[in-house]
Amino acid sequence: MAEHAGRRCCLGWDFSTQQVKVVAVDAELNVFYEDSVHFDRDLLEFGTQGGVHVHEDGLTVTSPVLMWVQALDIILEKMKASGFDFSQVLALSGAGQQHGSVYWKAGASQVLASLSPDLLLHEQLQPSRTLLRVPPSGISPWDVMPPGDAGKACFSISDCPVWMDSSTTAQCRQLEATVGGAQALSCLTGSRAYERFTGNQIAKLYQQNPEAYSHTERISLVSSFAASLFLGSHSPIDYSDGSGMNLLRIQDKVWSQACLGACAPHLEEKLGLPVPSCSVVGAISSYFVQRYGFPPGCKVVAFTGDNPASLAGMRLEEGDIAVSLGTSDTLFLWLQEPTPTLEGHIFCNPVDPQHYMALLCFKNGSLMREKIRDELASSSWSEFSKALQSTEMGNCGNLGFYFDVMEITPEIIGRHRFSAENHEVSAFPWDVEIRALIEGQFMAKKIHAEGLGYRVMPKTKILATGGASHNRDILQVLADVFGTPVYVIDTANSACVGSAYRAFHGLAAGTDVPFSEVVKLAPNPRLAAAPTPGASQVYEALLQRYAILEQRILTQTRGPPE
Ligand SMILES: O=C(CO)[C@@H](O)[C@H](O)CF
C-alpha cells in the first residue's frame, strides 16, 4: 500500500500554462505527494507548444479547454493507480494561469451535475464525437476535425484565450475611453487595460463571434473553471484572480457596471458574483466521491490565480517583497492600500480580504543576465560572480540600463550607460558592466515597487526565487540595493503548495483564524544575504540618479511624460 495511505491532507492544484500539477500536503504542512501532466509531452494530440497555440496573426494565443480536462483525468487516474488514499482529503483548492477564460455552453451545468463515475471527465465534456488520437501518420486531429468542432458539447468555444494573447488592443482602448482613460481604469480595477486581461478578451469574442457569446451560459477564469470541475457546478470567480480582468472594482469587490457594459451585454449574469478568495465554494461533487473515493464532505476552496497562489505559497507577509528571478523577473508585494498606477498591477490579496497585492513584470530578466554573462564572462556564472566580487557597491557611480527586448517596466529598449557625471558612454570595462547590469536591474525594481506603494518596513524581508536566486553574489547586490535581508525559498511548486495552504485555511473558514496562523508550521525560508554596512547610503544617492536618468531615456525615446 502506498506510504501515504491514511494521511489526512489537503490537495493543491495548479492549472498553469504548460502543465497541470498537484501536491498533497499533510496536517504538518509537509508535501508528501506530487505529480504533473505536461501538455506538450503527455497530450500530443492537442499539438501545443509551451501549452498553447500561437495563431498565424502572431497575436492570438489560445489553449484547448479539453486538454486541461484530459490532463486532470490523467493525474487523477495516476493517483488512483498509485494507491493514493483520496478518503483522507479534507479539502482542496487550486490555481490557474491568470486572465485566461473558459466559455461554458448553455446546458453545461446540467452535464457537470450529472457526470457518470464510469467515464472520464473529458469523455463527458467533449462533443459526442470523440477526439481522434494522433494516427500513425501523425496527422493532427485538427487536420481531420476543425479545432472549432472539438469540445463544443459543454463549451461555446474550444480554444480559450490565455495570458500570452495580445490581440485585443482595440478593445483595451475602447474600455479605457469608456471609463475616462487609462489611469481612471487603473484606479477602478487595479490596472490600466492590458490585452491579456479577461474583460478585453470577452469584448473581442462578443464582437467577433456573437453567436458563441450568446450560447454561453457562464464565463470562467481558468481558476474557477478548474474549481467547477471539482464542484460539479459553476464555481464563482474569486476576488484575487477576478482583479486580473479589468472588470472588478478592487476597493468594494463588485463588478464595475461601466466596465461590464463596455465589454459585452448581459455579462454580469455570465460571470456570477465574485467571492472572497478564502471562501469554501462547496463540497466535492459525487463524481469524485464515487470514482476516486474522496469523502463526501471534502471541501472545495475557491481557486485563484497562479501568482496570488504563489504569494500564499511563499507565505508573503505585510511589508515583504517576493522577487522571482526568472526569464522575466516578477515582483510580488503585499500592500495594505492600493496605489494603482499606469504600470504594474494591483490585485485583491488572496489571503487577507482587506489587503492587496501588487505585481510588477520586468521582461529583461535572466535573458539579459545570460547575454551579458555570455558576452563578458565566458558564459560562466563563476566568472560573472568574480566581477561582482571585484567591483564595489555603487560601481563608482557608473549606471546602466540593459533592455535587449522592449521592457514592460518601463517601456524602454536598448542599452544605455552613464558615467558618474551622468554623461552617456558607449562602453564599460567588463566587470563594471556586469555590476551595472545587476545594480540597474535591482534599482529599477526598488524604484518601481515604491511607485506602487512599497515601503521598506523594519521587519521587511525579500523572498528570492527563480534561477538567479541560486547565485549568492547576485543576491548580495539585491540585499544591498534594497537595504533588506534576502531569503531564499524553494517555490518550484509555490502555486500548488499555496493552494494546499489555502485549502487548510478554508477549513478554518468562519473562525477568523488568519492565514499566517494556519501556515506557521510550514518550512521557513533560509537567509541568503544581509545588507552590507553602509549600503543604504551608497544606493540612496544612486537610486535618485537612476530615476532621473530613466526619465531622461523615456523622454528621449517617447517624448515628454503625459
Ligand atoms: O499574466 C500574468 C500575470 O499578470 C502571468 O504571470 C500569468 O499569470 C502566467 F500564467
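**Figure 1. Overall dimensions of the predicted model.** For 562 residues, a compact globule would have a radius of gyration near 24 Å, and the protein agrees because its own value is 24 Å. This radius is taken over C-alpha atoms, and the globule rule is 2.2 Å times the number of residues to the power 0.38. Along the principal axes, the C-alpha atoms fill a box of roughly 70 × 55 × 50 Å. The protein contains 22 helices and 24 strands, which are DSSP runs numbered from the N terminus (helices: H or I, at least four residues; strands: E, at least two). The model is predicted, so that local features need pLDDT of at least 70 and side-chain atom pairs count only at pLDDT 80 or more, whereas totals for chains, interfaces and linings use all residues. Residues are numbered from 1 along each chain as its sequence is written, and side-chain values use heavy atoms, with hydrogens and water left out.

**Figure 2. Surroundings of the ligand.** Thr17, Gln97, Gln98, His99, Trp163, Arg196, Asp306 and Asn307 surround the ligand, each with a heavy atom within 4 Å of it. This shell comprises 1 nonpolar, 5 polar and 2 charged residues; Ala, Val, Leu, Ile, Met, Phe, Trp, Tyr, Cys and Pro count as nonpolar, Asp, Glu, Lys and Arg as charged, and the others, Gly among them, as polar.

Figure 3. The pairs shown are N or O atoms within 3.5 Å. An N or O atom in the side chain of Arg196 is 2.8 Å from an oxygen atom of the ligand. For a polar side-chain atom of Asn307, the distance to a ligand oxygen atom is 2.9 Å, and for a backbone N or O atom of Gln98 it is 3.2 Å. On its own the ligand has 290 Å² of accessible area, of which the protein covers 89% (Shrake-Rupley method, 1.4 Å probe).

**Figure 4. The largest cavity.** The structure holds 1 cavity of 30 Å³ or more, and the largest cavity has a volume of about 100 Å³. A cavity is a set of points on a 1 Å grid over the protein atoms alone where a 1.4 Å probe fits but cannot get out, and lining residues have an atom within 4 Å of a point. The volume is the space filled by probe spheres set on the points, which are joined across faces, edges and corners. Of the 14 lining residues, Asn364, Phe403, Gly440, Gln441 and Ala444 are the closest to the centre. Helix H18 (430–451) and strand E19 (399–403) each supply at least two lining residues; H18 gives the largest share, 5 residues.

**Figure 5. A cis peptide bond.** Thr409 and Pro410 are joined by a cis peptide bond with omega of about -5°. Pro410 lies in the loop between E19 and strand E20 (414–418).

Technical notes:
A polar contact is a pair of N or O atoms within 3.5 Å; within protein, one must be able to donate a hydrogen and the other to accept it, and residues adjacent in sequence count only if both atoms are side-chain atoms. On a 1 Å grid over the protein atoms alone, a cavity is a set of points where a 1.4 Å probe fits but cannot get out, and a pocket is an open set with protein on both sides within 12 Å along at least five of seven lines; lining residues have an atom within 4 Å of a point.
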